[in-house]
Amino acid sequence: MLTIGAHLSSSKGYTAMLRQAEEIGANTFQFFTRNPRGGTAKAIDEKDIETFLALMEEKNFPVILAHAPYTLNCCSAKPEVREFALNTFADDLRRMEYTPNQLYNFHPGSHVGQGEEKGIELIAETLNRVLFKDMTTTVLLETMAGKGSEIGKTFEEHRSIIDRVEYSDKVGVCLDTCHISDGGYDIVHNLDGVLDEFDRVIGIDRLKAVHLNDSKNPIGAHKDRHEKIGEGYLGKETFKKIINHPKLKHLPFFLETPNELDGYAREIALLRSLYK
């Protein structure tokens, strides 16, 4: 079964997102834990959560993916930005336990002139302060395009972060197809080789989710500009190979393409038609 969804608005709660996912032919979804530019999260509605968890089981939604706000920068040069990241991260992980055994994705951050080694050190330091022994959530480092001073453009950078984390069993990776191509990995012509490299450096067992996004830019551009499926430099055939690859096809896939709901519905139908 292809597990696929899109990025939905969380403004009306979990149950509304599940219903909306069903309407577009999805069996999972991604959402921001709060305003993507930061701010206070909405209060947890325990009745909504209870209804959602029952529906999730009834409708066979295997997993959902929460996304941290873009302003969460664990390796900023500014102490107050790092403090915001720490507090937001910790709050999000506490809230995630209302929906046990799900996924939480975050952008590793930008070192802003401090250097990659310092950035990696600060990210790991934050993870060591927010992860806890009994948590059920798996936290995902997202692969990045390498724009500016972003950490996470190489598999080695991800490995370096994971190696510094005490509860590393709680940490995985979300592979973003636009980002990884923009970062220089040739998933169009050498998907097998890229996945073999991922397995060698990080371990394929740590790959827990995939963001399906075409790219407006060629490989190695370091731009991070998403395009609709089949309309960018990756092309429809690449996505057919990705969703059917034996190392990937069991994973949940999430669309972050520049679409409204009807566009997501068309892309989900397209990808289901390509799934073997």
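How many aromatic pairs does a search of the whole structure find? The search finds nine aromatic pairs, where rings of Phe, Tyr and Trp (its six-membered ring) pair if their centres lie within 6.5 Å, and where planes under 30 degrees apart count as stacked, over 60 as edge-to-face and the rest as tilted. The model is predicted, so that local features need pLDDT of at least 70 and side-chain atom pairs count only at pLDDT 80 or more, while totals for chains, interfaces and linings use all residues. Residues are numbered from 1 along each chain as its sequence is written, and side-chain values use heavy atoms, with hydrogens and water left out.

**View 1. The ring pair of F29 and F52.** With ring centres 6.1 Å apart and planes at 65°, the F29 and F52 pair is edge-to-face. The pair links distant parts of the chain, 23 residues apart, with F29 in strand β2 (residues 28–32) and F52 in helix α2 (residues 46–58); helices (H or I, at least four residues) and strands (E, at least two) are DSSP runs, numbered from the N terminus. F29 is buried at a relative accessible area of 0%, and F52 is buried, also with a value of 0%; buried means under 20% relative accessible area, exposed over 50% and partly exposed in between (1.4 Å probe, protein chains only). Ring pairs link F29 and F52 with Y14 and F31 into a cluster.

**View 2. The ring pair of F89 and Y104.** The centres of these two rings lie 5.4 Å apart and their planes stand at 40°, so the pair of F89 and Y104 is tilted. Here, too, distant parts of the chain are linked, since F89 belongs to helix α3 (residues 79–96) and Y104 to strand β4 (residues 103–106), 15 residues apart. F89 is buried, with a relative accessible area of 0%, and Y104 counts as buried at 0% relative accessibility.

**View 3. Helix α2 and its buried side.** Helix α2 has 13 residues and reaches 18 Å from its first C-alpha to its last, close to the 18 Å expected at 1.5 Å a residue, the expected span being 1.5 Å times one less than the number of residues. Its buried residues are D48, I49, F52, L55 and M56. They cover an arc of only 130° around the axis, which puts them on the same side of α2; the arc is that of the directions from the helix axis to the C-beta atoms. The face turned away from this buried side carries the exposed residues E46, K47, E50, E57 and E58. What covers the buried residues of α2 includes α1 (14–23) and β2, contact meaning heavy atoms within 4.5 Å. Just after α2, N60 takes a positive phi of about 60°.

**View 4. The surroundings of T177.** T177 lies in helix α6 (residues 177–182) and is buried, with a relative accessible area of 0%. Not counting residues up to four places away in sequence, T177 touches I187, V210, H211, L212, N213, L234, F239 and I242.

**View 5. G220 in its loop.** G220 is placed in the loop between β8 (214–215) and β9 (226–227), and at 32% relative accessibility it counts as partly exposed. The C-alpha atoms of G220 and D186, 34 residues apart along the chain, are separated by 8.7 Å. Leaving aside residues up to four places away in sequence, G220 touches S181, D182, G183 and G184.
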